[in-house]
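Here is a short tour for a first-time reader.

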Amino acid sequence: MTRSKTAPALIAALALAGTPALAQDGAQLLADACGSCHEATEAGLSRIAGQRKTPEGWLMTIVRMRLVHDVVVSPDDQAALVAYLSETQGLAPSEAAPWRYALEKDPAHVEVVEEPMASMCARCHTAARVGLQRRTTEEWDLHMDFHVGQFPTVEYQALGRDREWYKIAKTEMVPLLSDAYPLETEEWTAWQAAEKQAPGGDWVVLTDLPGKGRAFGRITVAGDASPFALSGTLWLEDGSEMPVAGQMNLYTGYEWRANLSIDGEAFRQVVALSEDGDTFEGRQFLRDRDSLGGTISGARDGAGPAILGTVPEALMARSGDVLIVGTGLEGIGAEGGELVVHGATPVGLATSLLTETDGAVALTAGDARSEIVVSEAFDRITVEPSFAIARVGGDSPVGPDAVPIAFKAIGWANGPDGQPGTEDDLRLGVVPTEWSVTDHNEVAAAMRDAEFAGSLGEDGIFMPAAAGPNPARPFSTNNAGDLKIVANSGGLSAEAQLIVTVQRFIDPPIR
């Protein structure tokens with residue numbers, strides 16, 4: 001292991017960039033890069049052999065070695081190590097599935113964490129950061145010591161100094177984590193043995209673009225190994241066409257990570273392929289503002305029937321034109337309505353739908369099923385997300401940028417029982433909205449939060465104000481605030497809460 005006298009600035013390394021073809025065997029590269037500090041054992045290199053992680057998890061470990069221990073690893077070797085470790089000591093799809101919101105940086109997800117995990121672990125980072133790794137009992141035990149050594153104030157912070165943190169960590173948390181997240185699992189053994197399909201070929205995709213709405217298109221994946229080349233086209237509901245180009249790395253046989261340009265804007269995709277390799281789901285977001293993005297789903301063209309969704313998402317009349325986005329849709333039918341197919345498109349079928357009643361119309365093509373909701377009016381609206389956090393910033397060349405949040409107003413019909421908020425309610429998708437922002441409570445009003453914390457655009461995107469003390473505010477406080485986001489549509493209104501808080505100065509790949 002080679003060391004330098006000063007730890008270099010490696011902020012750029014926190015993005016999983018292009019992974020070149022391995023310059024040498026992965027095991028040999030690992031031994032060369034890490035073997036002078038990690039002892040060789042029958043299982044592999046000490047410490048390393050007792051862990052499994054996602055690509056982001058291994059990247060965080062390698063970057064920490066560089067920053068804290070002055071390890072010198074070239075960018076190409078770092079990328080190759082992440083690829084090798086993810087392949088040989090990664091997580092199975094089912095193991096990562098409950099925690100994908102952290103990998104996808106979903107800004108609206110609110111964790112609900114039970115004790116003792118809540119106070120012992122999740123007070124400093126997400127519970128997902130724990131769930132996205134697997135260790136031996138010995139490694140979980142050493143991980144407790146690592147926390148005390150690397151973060152000595154952990155015992156003196158709130159929820160630490162009121163208890164015997166170290167004793168609880170060693171005697172309660174180690175058995176708990178060893179049982180919940182062991183190194184050896186049936187899921188990982190099965191996934192290692194499973195035949196995995198290469199991602200190359202044509203994909204039909206459906207997504208949401210910040211400030212633009214629903215988008216659909218085709219993406220071609222070319223190449224025999226990472227980095228794969230991406231190219232294609234997306235369309236908006238108004239017919240606008242946007243070129244797509246970029247690169248994608250595939251880790252552990254299913255973890256799709258892409259950097260791409262969509263109509264000149266830089267985006268990132270964090271996506272999981274299905275175990276059969278024929279579909280994918282994940283999140284796509286702006287590279288420089290990961291809070292702005294949306295879900296993305298895809299289906300491999302020619303792999304059989306798949307329905308990703310419809311454009312529009314719902315019909316506000318009992319007849320209308322519908323684009324069914326998917327592949328293998330020959331023989332598609334509708335249960336509860338009459339479907340007339342006008343012709344194939346690059347992303348599915350152009351159709352017209354006619355139904356005599358409001359409700360959900362099931363769409364079926366082979367084993368693929370989806371639905372489109374029909375309603376002549378909506379009875380109420382909600383705001384998504386109902387609770388969110390934004391962050392001030394963007395006023396300094398060295399400080400973190402502001403973290404904006406995008407809101408959407410969703411229309412709902414009350415369904416057959418006529419009651420709002422019950423299981424038979426019909427979601428009608430995004431509705432045109434007039435937005436406004438006000439103080440959330442009396443304390444916020446006294447601090448004039450709505451005046452100083454930021455602004456809400458016509459597109460529903462809230463942009464926080466600059467960071468730092470503001471002499472115009474009471475007590476010269478910064479531009480944080482507790483806000484009420486108000487949507488008005490068709491004479492109906494709905495609210496959401498937005499907390500505008502301080503900057504995030506440390507932003508690892510898994511928060």
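## A strand pair

Asn488 stands opposite Ser493 in β28. This is a predicted model. Strand β27 covers residues 481-489, and strand β28 covers residues 492-501. The two strands run antiparallel. Nine bridges join them.

## The sheet around it

Strands β27 and β28 belong to an open sheet of four strands. The order is β20-β28-β27-β24. Pairing in this sheet is mixed.

Which strands are the edge strands? They are β20 (387-391) and β24 (434-439). Each of them pairs on one side only. From one strand to the next, the twist averages 30°.

Now to the helices. Helix α2 spans residues 55-69, and helix α3 spans residues 75-88. Their axes come within 9 Å. They cross at roughly 135°. Angles over 145 degrees would count as roughly antiparallel, and 65 to 115 as roughly perpendicular, so α2 is oblique to α3. The crossing of α2 and α3 is right-handed.

## Where the helices meet

Which residues of α2 meet α3? On the α2 side they are Pro55, Trp58, Leu59, Ile62, Val63 and Arg66. On the α3 side, the partners are Gln78, Leu81, Val82, Leu85 and Ser86.

What kinds of residues make up the contact of α2 with α3? Eight are nonpolar, two are polar and one is charged.

Conventions: Residues are numbered from 1 along each chain as its sequence is written. This is a predicted model: local features need pLDDT of at least 70, side-chain atom pairs count only at pLDDT 80 or more; totals for chains, interfaces and linings use all residues. Side-chain values use heavy atoms; hydrogens and water are left out. Axes are lines fitted to C-alpha atoms, for helices over the stretch in contact, and angles run from 0 to 180 degrees between N-to-C directions. Angles under 35 degrees count as roughly parallel, over 145 as roughly antiparallel, 65 to 115 as roughly perpendicular and the rest as oblique. A crossing is left-handed if the near helix is turned anticlockwise from the far one by less than a right angle, and right-handed if clockwise. Contact means heavy atoms within 4.5 Å. Ala, Val, Leu, Ile, Met, Phe, Trp, Tyr, Cys and Pro count as nonpolar, Asp, Glu, Lys and Arg as charged, and the others, Gly among them, as polar. Two strands pair if DSSP finds at least two bridges between them.
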